[in-house]
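User: I would like to go through a structure with you, one topic at a time. Could you please keep the explanations plain?

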Amino acid sequence: MPSTIVTIELNGTDRELIARPSTTLLSALRETFGLMGAKRGCAQGGCGSCTVLLDGRPVVSCLIPVVTVDGSAVETIEGLADGERLDDVQQAFVDHFATQCGFCTPGMIMSATALLNRKPDPTRQDVTEAICGNVCRCTGYEPIITAVLAAAERRRGDPAVPTPTVPTPTVPTPTVPARPAPTEAEV
Amino acid sequence: MALRHGRGYAAVNYPTGMNLGGDPSQALVHATTMGGFVVTLSSVDLGQGLRTVVAQCAAETLGIPLENVIVDTADTDTGPHCMGTFASRGTHRVGNAVIVAAREARDVMLQVAADELEVDAEDLETDGTGFVRLKGSSEKKIHISEVALAAHFRQGRTISGRGIFLKEPSTPVPETGEMDPDSCQAHACTVAEVAVDDETGVVEVLRLYNAYEIGRALNPALATQQVEGGAWMGLSHALFESTEPYYPHSREHGPVDFTEYLMPGPADIPAQTSVFLERPAGNGPFGAKGIGEMTANAPIPAIANAVYDAVGVRLTSMPFTPEKVLRGLDELRAGRAG
Amino acid sequence: MARVTPIDTAYFKGERAGDFAVIGSAVPRSDARGHVTGRTVFFEDMTLPEMTHVKIHRSTRHHALIDRVDVSGALEVPGVLRVITHEDVPNNWYTVLRLIGVGPDDEPVLAEDRVLYRGEPIVAVVAETEEAAREGAARVAVGYTDLPAVLDVEEALADGAPIIKQAGTNHFVYEGHHCRRIRFGDVERGFAEADRIIEGRYSSSPIEHAPTEPTGCIVVPQGDGRLRIHTNTQAAFFTLDNTALILGVPPTSLRVVGGTVGGGFGGKVDVIVEPLACLAAMLTGRPAKYVFSRAEEMQVSSPRAAERISIKDGVMDDGRIVARKITLYVDAGAYSRHSPYGTTKAAAHMPGPYTIPNVHVDAYCVYTNRTPSSAMRGFGVTIGDFALESHMDHVARELNMDPLRLRLKNAYRDGDMKAHRKIASGTALVEVIQSAADLVGHDLPPEYRAMSSTERSEG
């Protein structure tokens, strides 16, 4: 089959590419447009590392032939921040230590973003369902769930207080050395 | 038929570092013109946060703000040798090497500052905000950017240091196994609480309680990441994971993707309650021990022991699949009947 | 802001001195901003003109002689540039730990006259696209004569078992011994003195690291003739030195760039992808990428070794363990990789964090016809701890004793001699048990509450 010209609205800007029928949305993002945020973890739709938003819905971009999404809007991790200002989900992932190796993070954040766009006041179960297709091998998920719930609060304008999800251990005189996060200027 | 609850315990220790063959890592530190300090390594950050912790070690030793430290790592053309990131060695080995390098660089920094201030270097101290100052004086001070500029353009000195940490080789005695295989030992005790469905054999881990002795938590948030993520992996190993479900009898039916290779998802995780104890290791950087690996270990037997507590089945083969639980229950019933 | 595990400063109060500015603070991760913006650069996050792709034709047999390798079908696939066989590999035999003196070189980069496991690489195909490389690899035809396969560690060591290794034994040889030995005290006398003998047998299956980022590398020929290797190896110089030895080139002709890895867990310390990608780059003069597919990651990359562990304890009625004998088998699969070291580490870990006067350990590193195992988080210890701590629970049940008191009674303390004859120091098993008991409200009598790793007060 011949190659065709495909137009997508990529992070708010119309972009064109010439694609073969076998070219995936993930390949188009990475190889044609140089957007490396979506990761190729399995190329089987099993890990969620390549998750992007297609017309607002989270999809595994490794399974989608790009020719089938002609005319659609695609949002990637690169489109979230406003210049150097992180969006609420990104900032919550930083603040709550929800990243370790970072490979699953872009896909995880896009799945979370889709949830919060759809449902600004999610329950813990909403969050676990939203990210259940995103494999993380490092964190054990708890910090990610915490971060998504905290991001939802931030978006709603609530005080940026993390939702306590783990009971505090009863031990004598626990001390938590803490250092304030750097200000915007320090970063 | 019911959900039956149980509690299980396990306690472990874990060695820091690769034994036997000689286990070194090196670091270089140098100041840039305006007082940035570059830590140059060939070490690998797998996601445990080595870059962050190493920067903390350098800033602490140099006595300068963390923001002044740059970590440049894992280019073999520029970074000196590191054995690698494994064996719970990264923070211990690389941290130690960085401290040695940073001390040497600090000595030069203080000497340059002393010459600028026309005082003795021994009388100087760093204040952690970027100044080198005369002890006991609030006026007699110089900023590290001025020190670095002076070193470069007036004094002709390199503010730099070299560091290495080597765990020396230890050859085991063949007859007895006498050897020196580790630098220190970290410790953990896990209590697991499970619910076992005696109809389906499914084990659910409800809660994990962990006490970890880790030498020193150089960054308690990163240490928390290690212990929580590690305990999750232990739980995953215990209940789900195998590349060969019929090992050793058949090599067939091996999973080839994430839909077949099962791991607990975000809805399957237990509540974790943890506490750190610190018994600093004499040979660790600021007392830290390696903890990256240990954290997956204690949950596995703790879960097995909790299953025994719940239903009386001693699971002796990992992973603890529903099939094994049900077979164990069948044997118990057969035993009672017989 | 973040959830941080509290530090219980009541323990080891006197030893925790130190006034720090930055150490001990929960400073933010320096890499977090890159992770959340997608700017963190992993090895695969680059597009290069003229990039070639490497895929592998692998053995379909557990153990077989190779009669015939026909690559003509691969070369007919449009886009296929080269095939690489063992004849193209300058120094085809290696073992990764040779840098610290472990031998012999027991593994070929590409199979020669035989295969020892299903999935063993035989031919590498280099092509313009991943699809062409995959298609080319599928078109390679190999003729086999099957040999008897050994798939069980104890069968591998039995009399009359087919010998699968060219070195002549189905086990690694430790200075003339069949296994890594620990001999401490007199275990038979300990058993004779014990009130009872309690035995157990524990086992595991192979486990995959399953990092979200697959193992791989991109090799880029440089203007000065050197090769720049972008890789997610866990050990940059390990990879550089082993690759140079395999390629027969000076180490100065290679440069490894990495350090940012999408999860390792021990799975990225074998030097598997870099030598073949370098060869592909050298033979084509173009950049070459070799990344494991997820299926290769799951079934061909080294898993955590399966182990089988027997424990025999001599126990007194009051809970003291006076003798412990352990037989441990590590299923190394077809080749050594890091398993000889891991087996020694397993032996050194025994008899666990307990002071037992009579200890006897035989730890075997056994070869079978399956995917070579290698390092994984907790290497040599994780499965041992499963066995040890399951067995401690078993002993406690047999004695009708509180499992924490049993452990406290036997816990190692500072100054104790370990079975491998190193004096214990910096111990804290007693305290983590006491602390865990606090967390769950598990009652400990005063004499157990008063125990300490730093002194032995009880009789």
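User: Where is A:Ser49 found?

Analyst: A:Ser49 sits in the loop between α1 (25–32) and β3 of chain A. Helices (H or I, at least four residues) and strands (E, at least two) are DSSP runs, numbered from the N terminus. Please note that this is a predicted model, in which local features need pLDDT of at least 70 and side-chain atom pairs count only at pLDDT 80 or more, while totals for chains, interfaces and linings use all residues. Residues are numbered from 1 along each chain as its sequence is written, chains are lettered from A and ligands numbered from 1 in the order in which they are written, and side-chain values use heavy atoms, with hydrogens and water left out.

User: Is A:Ser49 buried or exposed?

Analyst: A:Ser49 is buried, since its relative accessible area is 0%. Buried means under 20% relative accessible area, exposed over 50%, and partly exposed in between (1.4 Å probe, protein chains only).

User: Which residues is A:Ser49 in contact with?

Analyst: Leaving aside neighbours within four places in sequence, A:Ser49 is in contact (heavy atoms within 4.5 Å) with A:Ala38, A:Lys39, A:Gly41, A:Phe103, A:Cys104, A:Gly107 and C:Thr212.

User: Changing topic, how is chain A divided?

Analyst: Chain A has domain 1 (4–79) and domain 2 (88–155). These bounds come from an automatic or database domain assignment. The C-alpha centres of domain 1 of chain A and domain 2 of chain A are 21 Å apart.

User: What is the area buried between domain 1 of chain A and domain 2 of chain A?

Analyst: It is about 1,100 Å², and carbon and sulfur atoms give 66% of it. Buried area is the accessible area (1.4 Å probe) that two parts lose on being put together, summed over both. In domain 1 of chain A, A:Thr51, A:Leu53 and A:Ile77 lose the most area to domain 2 of chain A, together 42% of what that side buries.

User: And how many salt bridges are there between domain 1 of chain A and domain 2 of chain A?

Analyst: The count there is 0 salt bridges. A salt bridge is a side-chain nitrogen of Lys or Arg within 4 Å of a carboxyl oxygen of Asp or Glu.

User: What is the count over all chains?

Analyst: Over all chains, the count comes to 75 salt bridges. One of them pairs C:Asp45 with A:Arg30, their closest N and O atoms being 2.8 Å apart. C:Asp45 lies in the loop between α1 (32–37) and β2 (52–58) of chain C and A:Arg30 in helix α1 of chain A, so this pair joins two chains. C:Asp45 counts as buried at 11% relative accessibility, and A:Arg30 is buried at 6%.

User: Which residue forms a salt bridge with B:Asp23?

Analyst: The partner is B:Arg93, with the closest N and O atoms 3.0 Å apart. This pair links distant parts of the chain, 70 residues apart: B:Asp23 is in strand β2 (residues 23–31) of chain B and B:Arg93 in helix α2 (residues 90–117) of chain B. Both B:Asp23 and B:Arg93 are buried.

User: What about C:Asp414 and B:Arg279: how far apart are their closest N and O atoms?

Analyst: In that salt bridge they are 2.6 Å apart. C:Asp414 is partly exposed, with a relative accessible area of 25%, whereas B:Arg279 counts as buried at 5% relative accessibility.
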